[in-house]
Amino acid sequence: FLAATQPSTNWHLKENAREHHTSKFSSEELIVRRGQAFSITFNGTEKPEQNLIFLAETGPKPSKATKTLATFGISSTVSKEGWSAVLQSTSSNSVSVSISSPHNAVIGRYKLSVQLGSSSPASLGTFVLLFNPWSSGDDVFMPNKAECEEYVLEEFGIIFAGNKNRISSFGWNFGQFQGDILNICLSIMDRSLYYRQDPVTDVSHRHDPRYLGRVLSAMVNANDDLGVVLGNWSGKYEGGKNPSSWTGSGEILQSWKKSGFKPVKYGQCWVFAAVLTTVLRCLGIPTRTITNFSSAHDADENLRVDEFYDADGNHLERGADSIWNFHVWNESWFTRNDLGPSYSGWQVLDATPQEQSGGIYQCGPASRYAIKEGEVDLDYDCPFVFAEVNADCMYWNYDSATGKKTLIFSTSTEIGVSISTKAVGRDDRVDVTSDYKYEEGSAKERDIFKKARKKLGLEDKFDPTAPTQEEIEQKPDISGKFKVAGSLEVGKDLNLLLVLENLQSDAKTVNVNMTAWSTLYTRRPVNEIWKDSISVTLAPKEEKQFPIKIKYPEYQQQLTTDKTIQVTALCHVEDGIQVLVQRNITLDNPAIDIQVLGEAKVNEEVVVEVAFTNPTNTEVKDCVLQVEGNDLLRGILELRIPPLKASEKSSTKFKLIPSEAGPKHLLVNFSCDKFADIKTFKMVNVIN
């Protein structure tokens, strides 16, 4: 029957891709989704259908027992359970069949062969099978089609950053359908510790989004397994790229492959989350990035974060706990057959290497519903995620000479605010805080917190490191806050007001020690910028304001590329308890402006102009403009720009040739010696 030579196969790439929502991949190989039929035609002879047997196999040792090998003949209907083939047509020398895989098939690259009777199988070629969120039988089924478009097919994303007082955002090119990304994602799976230890079992688990989500959360960071991205939170990034300079995942994944799978330097939380989004969307698991503001890193699983300050108001790096201005993780959408239907839906995955889980740096999937309900005893890593959005905060004064610590104050409403993600189909921010917890300050929220503590056994045992009830309930005599006066821009002086109010009906004398430090977004102090101390007397119920000015030259050299400054005032009230006033400030970069000059049409040149004005009164040099955008230009365009004198405006023009119609996003990143990574994006509507 089959020609002595290799049978030639027509994979009907265009038609199958359209049916399977895989048209965006640029591949000569068939890419389809599980639980759905695809058509192929191959050459043969007449009436072969009676005894044709197909073989679909994946992984290193395909077997029926591990569901990595399927053999199936021609049947009249699609099988409910396994693989099946239904004859569509035959001619004198070819056969067309429709092949269906089960809803729970292992995903990955398959070899497809056919045999007639007892002859040896002839290879028809290979195809790639992915998860299918459009199919109701699949664990990743997402009933809302607009959400499928956004969380699987959209290659552009917006990541939120900054701090709770001032939320900023930047664009990101996930690029999951570009070039070789699918092959790189498949090789990520084959390089995990799980695969190296037991390849057969690992591949047999690849039908399960829970399993793959956890494995990939470990593989996206370099810890343990020489994964994709190496984290660096030192503020020094020699030998690699500053984490804030990346604008897309493609460059990172391709660098990893090109270097022979050496970890790419360097990443911080949003880089890990963005790369994991790319990998999971590529494989067909609906995924999005989530930003949590004032995010707790609770290292000792006591649902409490302790911060220490010395008498001068300096933030001390003591203990492993920390509060980050923001932290970015992922949510992926799938069912939790292990926990029950109410725990299905969005699951938290976190590829940032913070704490080990099961001996390696991986985190999740933690059911978002379980987090909200305080079910911290459920798989996986619920206590850590619960603390990220819910931990209580304790601020201590620490005396290094005596080792004595004194509680300044505690709060249960500081952590987990303005939890944010990009809107479906729009470039807007959506607040999802209420999906993670009940309203702060409500009785229900405190009940859930107690329930979580109880499940972790924290309610019943004495904790010598915890403050006494007496310490917690002590009331301060004064209150204070920092107010921003004027703009918060890199290149401009920083003007603040320290506002102190006497809450009592007798006068109070207060000694105030103030410091300002440049920090990372994790609030890790890097350089001292300024310090001062004042002594003030407040009349009964009096409020006073004290202006603070930190000049640009004072902070310019000290600032990190996160552009964050922590200002602290530790107020020592005579005969009263200490009061800590602090504010985390994120400075804005100056703006850059993008204009598309004329209409953007497919396969026609269009000019784009990028303008930047130097806001400082000194020259800026080493200016570089980086541009990327899927379907607008290939790869990353890098342009060098001459130095700019004080207040001078630069205008740079370049050409694009859009390759596809529709709304496309252009991402621009401008850097110079005074400003790092000024990012913006513009939606370009391309017409045919």
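Between domain 2 and domain 4, about 1200 Å² of area is buried, and carbon and sulfur atoms give 50% of that. Buried area here is the accessible area (1.4 Å probe) that two parts lose on being put together, summed over both. Phe156, Asn173 and Thr247 supply 41% of what domain 2 buries against domain 4, more than any other three residues.

Keep in mind that this is a predicted model, where local features need pLDDT of at least 70 and side-chain atom pairs count only at pLDDT 80 or more, while totals for chains, interfaces and linings use all residues. Residues are numbered from 1 along each chain as its sequence is written, and side-chain values use heavy atoms, with hydrogens and water left out.

So where are these two domains? Domain 2 covers 156-456 and domain 4 covers 592-686, with bounds taken from an automatic or database domain assignment. Their C-alpha centres lie 31 Å apart. Where they meet, 17 residues of domain 2 are in contact (heavy atoms within 4.5 Å) with 10 residues of domain 4.

Now look at the side of domain 2 that touches domain 4. By class, this side has five nonpolar, nine polar and three charged residues; Ala, Val, Leu, Ile, Met, Phe, Trp, Tyr, Cys and Pro count as nonpolar, Asp, Glu, Lys and Arg as charged, and the others, Gly among them, as polar. As for salt bridges (a side-chain nitrogen of Lys or Arg within 4 Å of a carboxyl oxygen of Asp or Glu), the count between domain 2 and domain 4 is zero.
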